[in-house]
Amino acid sequence: MTEMDPALIKGLTIAIGAIGPAIGIGLIGAGAVKSVGRNPEVQSKVLIMALVMAALVDAVMAFVLLIVFTTN
């Protein structure tokens, strides 16, 4: 069996690890827009909550990058 290039493995890990956060942020944005469309008076509250949730989802990508760049 042949050896795989470590750069290829790291690239695939980043690509696969970015799919989840990308979908999550898309769903957060869609939900926020839908909520504000139904009830415009709560726009500031929805925006704050959406930003907090987006930050938590982005933490997943940060962990992926941390694992990729600290392993050999």
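So, how many helices and how many strands does the protein have? It has two helices and zero strands. When I say helix or strand, I mean DSSP runs numbered from the N terminus: H or I of at least four residues for helices, E of at least two for strands.

Quick housekeeping before we go on. This is a predicted model, where local features need pLDDT of at least 70 and side-chain atom pairs count only at pLDDT 80 or more, while totals for chains, interfaces and linings use all residues. Residues are numbered from 1 along each chain as its sequence is written, and side-chain values use heavy atoms, with hydrogens and water left out.

Okay, overall shape. If you box up the C-alpha atoms along the principal axes, you get roughly 60 × 20 × 10 Å.

Now the helices themselves. Helix 1 has 33 residues and reaches 49 Å from first C-alpha to last, close to the 48 Å expected at 1.5 Å a residue. The expected span here is 1.5 Å times one less than the number of residues. Helix 2 runs over residues 43-70, and its 28 residues should span 40 Å; the end C-alpha atoms are 40 Å apart, which agrees.

What about the inside? Buried residues make up 15% of the 72 residues. Buried means under 20% relative accessible area, exposed means over 50%, and partly exposed is in between, using a 1.4 Å probe and protein chains only. In helix 1, Gly 17, Pro 21, Gly 24 and Ala 32 are buried, and what covers the buried residues of helix 1 includes helix 2.

Let's zoom in on a few residues. Ile 14 sits in helix 1. Is Ile 14 exposed or partly exposed? With a relative accessible area of 24%, Ile 14 counts as partly exposed. Leaving out residues up to four places away in sequence, Ile 14 touches Met 61, Val 64, Leu 65, Val 68 and Phe 69, where contact means heavy atoms within 4.5 Å. Look at Ile 67 too: Ile 14 and Ile 67 are 53 residues apart in sequence, but 9.7 Å apart in space, C-alpha to C-alpha.

Next, Leu 51, which is in helix 2. Leu 51 is exposed, at 55% relative accessible area. Between Leu 51 and Gly 29 there are 22 residues of sequence separation and 9.2 Å in space, C-alpha to C-alpha.

Last one: where is Glu 3? Glu 3 lies in the segment before helix 1. Glu 3 is exposed, with a relative accessible area of 78%. Its C-alpha is 25 Å from that of Ala 18, 15 residues apart along the chain.
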